[in-house]
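Work through the exercises below with the sequence and the model at hand. Each task is followed by a solution in steps.

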Amino acid sequence: MTNEDKLQDSEQAEREKVAAEAEEIRKETAEAAPELAEHDRIAELEKALEDATSKALYAAAETQNVRRRLEAEKVQAAAYASSAFARDMLAIKDHLDRALAAVSDELRDDNVASNFLAGIEATARELEAAFARQGIVRIQSIGEKLDPHRHQAMIEVASDSAEPGTIVDEMQAGYMLKDRLLRPALVGVAKAPE
């Protein structure tokens with residue numbers, strides 16, 4: 001222990017001694033002077049009031065935070081409540097798109113089949129319009145850089161014409177519901193030829 005530490009300890013001990021003597025004198029005079037006891041009681045009550053006020057303000061702030069958080073969660077739940085239903089509808093859209101893609105030009109030239117196809121195409125357009133009204137949009141894929149937040153790479157395709165990491169094939173369309181991923185696009189990504 002250095003001299004400076006000893007000096008600080010000595011000064012601290014002296015301050016504590018003086019504080020203890022002052023408290024002893026205050027107690028002795030408080031017994032003889034009721035106004036000092038009253039003053040001490042008022043100081044105690046003011047401290048208790050300050051503590052209670054602080055706790056009440058903290059509780060009010062916490063309540064406000066909980067209310068805000070619940071409101072935000074309620075808005076989120078309402079905005080994305082339809083996501084499971086939308087995913088189910090995407091399967092129907094996929095089937096319609098595959099059915100329309102499978103129709104040959106000869107079948108399209110047939111009068112009866114073309115009327116039937118026109119109905120299927122109208123249904124597909126109406127489904128797309130319903131998606132648009134609900135904020136469901138198709139993710140652009142072909143020609144874009146692979147984005148793991150929106151695309152799921154299924155295969156790599158050797159390509160001279162496309163830069164590595166660029167999407168060159170789409171096996172299944174991906175969709176967003178507002179700003180959330182509903183379903184990633186399943187894609188083929190270009191790689192450098194070997």
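The model is predicted, so local features need pLDDT of at least 70 and side-chain atom pairs count only at pLDDT 80 or more, while totals for chains, interfaces and linings use all residues. Residues are numbered from 1 along each chain as its sequence is written, and side-chain values use heavy atoms, with hydrogens and water left out.

**Exercise 1. The aromatic pair**

Find how many aromatic pairs there are by the ring rule, and describe the geometry of Phe131 and Tyr175.

Step 1. Rings of Phe, Tyr and Trp (its six-membered ring) pair if their centres lie within 6.5 Å; planes under 30 degrees apart count as stacked, over 60 as edge-to-face and the rest as tilted.

Step 2. The count is one aromatic pair. Phe131 and Tyr175 form an edge-to-face pair, with 6.1 Å from centre to centre and 70° between the planes.

Step 3. The pair links distant parts of the chain, as Phe131 is in helix 5 and Tyr175 is in strand 4, 44 residues apart.

Step 4. Phe131 counts as buried because its relative accessible area is 6%; Tyr175 is buried too, at 3%.

**Exercise 2. Two helices and a lysine**

Describe how helix 3 and helix 5 pack, then decide whether Lys93 is buried or exposed.

Step 1. The axes of helix 3 and helix 5 are 10 Å apart, and the packing angle is about 145°. Axes are lines fitted to C-alpha atoms, for helices over the stretch in contact, and angles run from 0 to 180 degrees between N-to-C directions.

Step 2. Helix 3 contributes Met89, Leu90, Ile92, Lys93, Leu96 and Leu100 to the contact, and the residues from helix 5 include Leu127, Glu128 and Phe131.

Step 3. Lys93 lies in helix 3 and is buried, with 5% relative accessibility. Beyond four places in sequence, Lys93 is in contact with Leu127, Glu128, Phe131 and Tyr175.

**Exercise 3. Lys178 and the ring of Tyr80**

State where Lys178 is placed and which ring its charged end sits over.

Step 1. Lys178 is in the loop between strand 4 and strand 5 (180–183). Its relative accessible area is 45%, so Lys178 is partly exposed.

Step 2. Phi of Lys178 is near 55°, a positive value in a residue other than glycine.

Step 3. A charge sits over a ring if NZ of Lys or CZ of Arg is within 6 Å of the ring centre and within 35 degrees of the ring normal. The charged end of Lys178 sits over the ring of Tyr80, 6.0 Å from its centre. Arg180 also lies over the face of Tyr80, at 3.9 Å from the ring centre.

Definitions and conventions:
Helices (H or I, at least four residues) and strands (E, at least two) are DSSP runs, numbered from the N terminus. Buried means under 20% relative accessible area, exposed over 50%, partly exposed in between (1.4 Å probe, protein chains only). Contact means heavy atoms within 4.5 Å.
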